[in-house]
Amino acid sequence: MQDQERFAMDDMKPENVQEPYTTHLLHYYDGTSRHVLVKDEEVPFPEGKLIVSRTDLQGVITHCNQAFVDMSGYTEEELIGQPHYILRHPDMPKAAFKDAWDTAASGQKWHGYVKNLRKDGRYYWVYATIILNVRDGQPVSCTSVRRKPSRKQVDACIELYARMKQEEAALMKQEVR
Amino acid sequence: MRYVMTVSPDFPPTKIAGWYIFNTWLQRQLGEHIHLELYQDFASQRDAIRADNIDLIYANPFDAAMLVRERGFVAIATPINISDEAIIAVSADSSIHEVEQLQPGTRIATTDDPDVNLISMIMLEPANLSARNVETQTVDTYVLVAKQLLQGKADVGFFLRDAFQGLSRMIREQLRPLVRSEIHVIRHVLLAGPRLQARHDDLRQLLPAMTADTKSNSVLVSLGLQGWELQGQEDTEFMIDLMDTLVD
Ligand SMILES: Cc1cc2nc3c(=O)[nH]c(=O)nc-3n(C[C@H](O)[C@H](O)[C@H](O)COP(=O)(O)O)c2cc1C
């Protein structure tokens, strides 16, 4: 599904992120990369709300609701037309998103816990569902709806994702050799 | 041909007369014979839909998926400024102040209103609660939900926001909202079935224009609506996709 070449997104800007923060280089599926600035500070999920977005079949954001805009820290204009990885946090293992894409592309619902990165370098945890939107038998877009996650599940995911990241790093090293 | 209109059973009882008035108005405008059939509960209304007995329905968003995707209904209009929001409330003297304090075994009082139940269960997820580890008591009306709370027979109650706000002041003051949804896009929608196909465009003309003359406007008033706005098929599909992400 994701197979379009595109221009690299700009690096995150220090003027948007209060110190202290760490800098990471993220490599995206489309071959582009950018530097992201990350703070160890969580923003709580807004009570009673759903965070909603829609993408085209390449994962480019075509629609998002106010809660999505508010939580991301970007403006709606900054989000529409950008790949959804604009929110990717370096603590998220690649395998989690691969599973999401494979599951949604096959027409099944994907559920998972996701740590998202905001424009200001802070993060927020969500429980996300992604589905493929089918019209007249044809896949046309994807919808994702995020809700407030249970802390217990998030804590379990923090451990799980850290382990997955380690495995991914170990695999990378092997490949290099 | 005689058509049948029905209304999602979660409409406030005080609006029964309003729906009859609306039906009379609609029959006159369309020059068609339409019978208004009201069902006691969602289950019997769904049976009627599956038996292809319904032509026009003011549908609960939860049922919209089945109506549109399985029964060929199309969206006509949605009431202006009304969305389905849920409130989870506790008794005013409850020791529970945040959802996260709720424990497995929590006793829930609720009605059979499917979208309120869906939204409310989602708002309990942060406490790691799901249908598997709660005790649910289903009662007939929101007043009875309140009563269960006041009598200490339930820990939390699920309410349609408008129903909660419509409770008598005396009851409301003995309750405390724990969490309220702010979803905005889950809305009741007026859907028309395939047999009415030839009149869909007329409906799209008539309904949004109701605010324009005093007679039709008084019909809206009796329904408790500010007016109808057109709802495109894609808006409805979007709402259905969204509901789809919320059901397992
Ligand atoms: C509808 C939809 C919603 C998505 N939401 C997010 C999101 O909130 N955060 C995120 O990091 N990735 C999200 N993704 C996945 C991204 O497209 C992307 O795969 C991910 O950020 C990992 O980047 P990569 O594919 O370049 O490795 C979403 C994808 C789809 C189709």
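Guide: Domain bounds here come from an automatic or database domain assignment. For chain B, that assignment gives domain 1 (2–82 + 185–247) and domain 2 (86–180). This is a predicted model, where local features need pLDDT of at least 70, side-chain atom pairs count only at pLDDT 80 or more, and totals for chains, interfaces and linings use all residues. Residues are numbered from 1 along each chain as its sequence is written, chains are lettered from A and ligands numbered from 1 in the order in which they are written, and side-chain values use heavy atoms, leaving out hydrogens and water.

Visitor: How do you know that domain 1 and domain 2 of chain B are in contact?

Guide: Contact means heavy atoms within 4.5 Å. Twelve residues of domain 1 of chain B meet that rule with eight residues of domain 2 of chain B. The count of salt bridges between these two domains is zero.

Visitor: What makes B:Glu234 and A:Arg54 a salt bridge?

Guide: The rule asks for a side-chain nitrogen of Lys or Arg within 4 Å of a carboxyl oxygen of Asp or Glu. Between the side chains of B:Glu234 and A:Arg54 the N to O distance is 3.1 Å, so the pair qualifies. Across the interface of chain B and chain A, the rule finds eight salt bridges.

Visitor: What does "bury" stand for when chain B and chain A bury area between them?

Guide: Buried area is the accessible area (1.4 Å probe) that two parts lose on being put together, summed over both. For chain B and chain A this comes to about 2000 Å², with 51% of it on carbon and sulfur atoms. In chain B, the residues losing the most area to chain A are B:Asn128, B:Phe238 and B:Thr245, together 28% of what that side buries.

Visitor: Why are S5 and S6 of chain A called paired strands?

Guide: A strand is a DSSP run (E, at least two residues), just as a helix is one (H or I, at least four), numbered from the N terminus. Two strands pair if DSSP finds at least two bridges between them. S5(A) and S6(A) (residues 123–135) have eight bridges in the antiparallel sense, so they pair.

Visitor: Why do S4 and S5 of chain A count as edge strands?

Guide: The open sheet has five strands in the order S4-S3-S7-S6-S5 (chain A). Strands S4 (61–64) and S5 (110–117) of chain A each have a single partner strand, so one side of each has no neighbour in the sheet.
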